Amino acid sequence: MLDLAGSTRTVAGVTVAPDVDDPARFLVVPATPRVDVGAAGPDLQLLRFVTGGALTGGYLRMGVSLAVDDAAVDAATAALTDEAGRPVVLAPLPVLSGAADLTFFGRADPQPGVVSPIVRTTYGSAVLGFAAPHRAAFAVTLTADGVRMVEAGLRAGALPVGVTCRYVVEGLWPAVHVVARVDWSAVYDYVSSTYELGLLLFREQVDHLVQQLQQKSAVSVTVVRSDAAGTDPATTSAAVAAALDFVQTTLLDRLCEPVLPFGTDAAGAVGDSATQLALGAAYRVTALHLTESETDVFDLSQARVQTRTLTAQASLGALLGATDPGAVIVDAGADDPFFSRFHLDVTTARPPGDLGVAAVVLDVRYGSQDGPIRLTPDEPTGSFECFADASPDRSYVLAARVQLAPDSPVDPGAEVDLPPVHDTARQVTLDLEAALGLVRLDLEGPADDRVVASAVTVTHRRGDAALASRDVALTAARRAGTATFRDHRDGDRLVVGGVHQLADGRQVPIPDVPVETSVYRLPDPYAGSITVLVTTDTTWTDLTAVVVALAKDETAQPATLAFAAPGSQAVALDQTDPTDRSYRFRVTRTAGGVTTTDDWRTSDAPVLAVGEVQTGDLVVDIMPVGPELTSAGLRTITVELVYVDVAHQVRDEHTVVIAARADTFRWDVHLADPTLRDYQYRVTRQLLTGEVRAGPWVDGHDALLPVPVTAT
């Protein structure tokens, strides 16, 4: 798997990236786009439609690829083998998806003396082949002005017109021992009020954006503090910088698409961690989706699999290489074969056999003519031809029926009809994965002999509904498994959970985690440490200082976190027993010159909220923990809370009703005696069946009251 924190390097003209699993294996980064050249010459032709001596429009047919020359790969392999003193293997960088655009990138000056903002205009788009050499086929009808622009780009190579390819890859981000927090709701509020869709952001503006989000507490990075003596401060600074790189890349990958100025060498645009793999020199704002309440906490003390969007780009002149532009620019009159015959070529972005597809049967309806095209794992390309005047507007309708193979991981033997496509392009690449909503999740178990098995359940969720689930068993002999789903749509989630079976007979739960990548590495139960994030609210009243002491147990030396203002800090505590995530903590508060210290308490929550706490108040935060209520068979959860101080005749009762996992509540009681902080609570669950289950009254004293979302 790709090492996202590694550096690319160019050897013998081939750009390679490190593989996180094997130091003797390198991944070949796709090259810059170039025109495919076959036995018949370059796969490129610009037809200029000329009527009565006047240019009326045109048609561009162009096949491009990101192929890396085989001889160069052999030379790079030999050079790296000599350098390492052992055999080295070069393999293509796996691509999850891709797209290619024919674009104009620059400024448009509608009026003399007026300089417009930088704009990006797309003339045509195509699906990029997912397997090397990552081919894309353009078939674009152009206006007269479009023909002139493309022709100028081909002949001169100076205009910023060319092909931009974007492809999605995955890699492993290693542990950097910090906790990063992103409040997507606050990110949306700031970005949507500051930037417009389509706006280009350059490196300086991106840096400014991240700084602004940090100042507004939408993004925060907290160092996981260590009690180890002699820690080099530069190590901590590097960890924070790496975490900011990670957060910045995550923001850009979610909100923008990378854009490289034409003339930029794609290989030169990738370097060390942040600039490599491969954010461009500019980014185009593409997605501003309102998020009511979503916060991601990235514990970068463990490695994470992440997706990245890479960009490769070349101008039309660079695409040609040594090809004579005059040989591919042709005037077409009324008697040109283009106007007498219609020819359609169809292929798939990924081989059908890799997707469990036995065949794709296409019905082409071109005006008064129709005919079939059949694609199979052995013949993944097909064509259709007829007289061009059969369709007056030169358009066609393409209907597809996908036949899944008998050994398909989903719906074996089923037939699926895809929505028909209306188009005029003469070359079509089908993205069957997107059309079928196919999602494959590869699971990797921990490489630890103390873990004998892992039982994993992957659930396909849409909103609150669980659509399907797959059970995957991993063992010491088989540490990898796969779960595949169909009809996965935008907004759907895959949730992974389960349990580790240890060699000593104990079990360690695997918490439910939403996964957005195609590879998920199960958390190691023997991680060695647990991370606790201690956070406060953004507003204090009379409070002037909070000190939190945390320790794994009574024998451990406590770690101390001091707050002079609202904020958050993290600490790593030793975890010798993977089944025990509990820890002790004690909170000391100073308000109005008076300092009070709570008793030692125990918790196992990864986030400890000391909150907006006044010395004379009991503040309890009620928070549901677990899946959505409907997934657990629940309609509501009612929590009743009672505080009684008989000596001072203080009684406070409070009831909250939890209807969704996002519901959180705060109970604030003013205390006559700050030393009396115990209370009682009762949890009542109403099931979807109408049954009501009331629990017993329980003594409580913690400031955070987690309520399990379970039916019992």
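Strands here are DSSP runs of E with at least two residues, numbered from the N terminus. The model is predicted, so to speak of local features a pLDDT of at least 70 is needed, side-chain atom pairs count only at pLDDT 80 or more, and totals for chains, interfaces and linings use all residues. Residues are numbered from 1 along each chain as its sequence is written, and side-chain values use heavy atoms, with hydrogens and water left out.

**View 1. Strand β14 and its cover.** Take a look at β14, which spans residues 161-173. Of its 13 residues, 12 are buried (under 20% relative accessible area, with a 1.4 Å probe and protein chains only).

**View 2. The strands paired with β14.** Pairing here calls for at least two DSSP bridges between two strands. Strand β1 (residues 2-3) lies parallel to β14, with 2 bridges between them; here L2 has G171 as its bridge partner. Strand β21 (residues 304-315) runs antiparallel to β14 and is joined to it by 12 bridges. You can find W173 opposite R304 of β21.

**View 3. The second largest pocket.** A pocket is an open set of points on a 1 Å grid over the protein atoms alone, where a 1.4 Å probe fits and protein lies on both sides within 12 Å along at least five of seven lines. This one has a volume of about 560 Å³, counted as the space filled by probe spheres set on the points. Its lining holds 24 residues, and R135, T347, T348, T381 and T429 are the closest to the centre. Strand β23 gives the most to this lining, with 4 residues.

Methods. Buried < 20%, exposed > 50% of the residue type's maximum accessible area, 1.4 Å probe, protein only. 1 Å grid on protein atoms, 1.4 Å probe; cavity = no way out; pocket = protein on both sides within 12 Å on 5 of 7 lines; lining within 4 Å.
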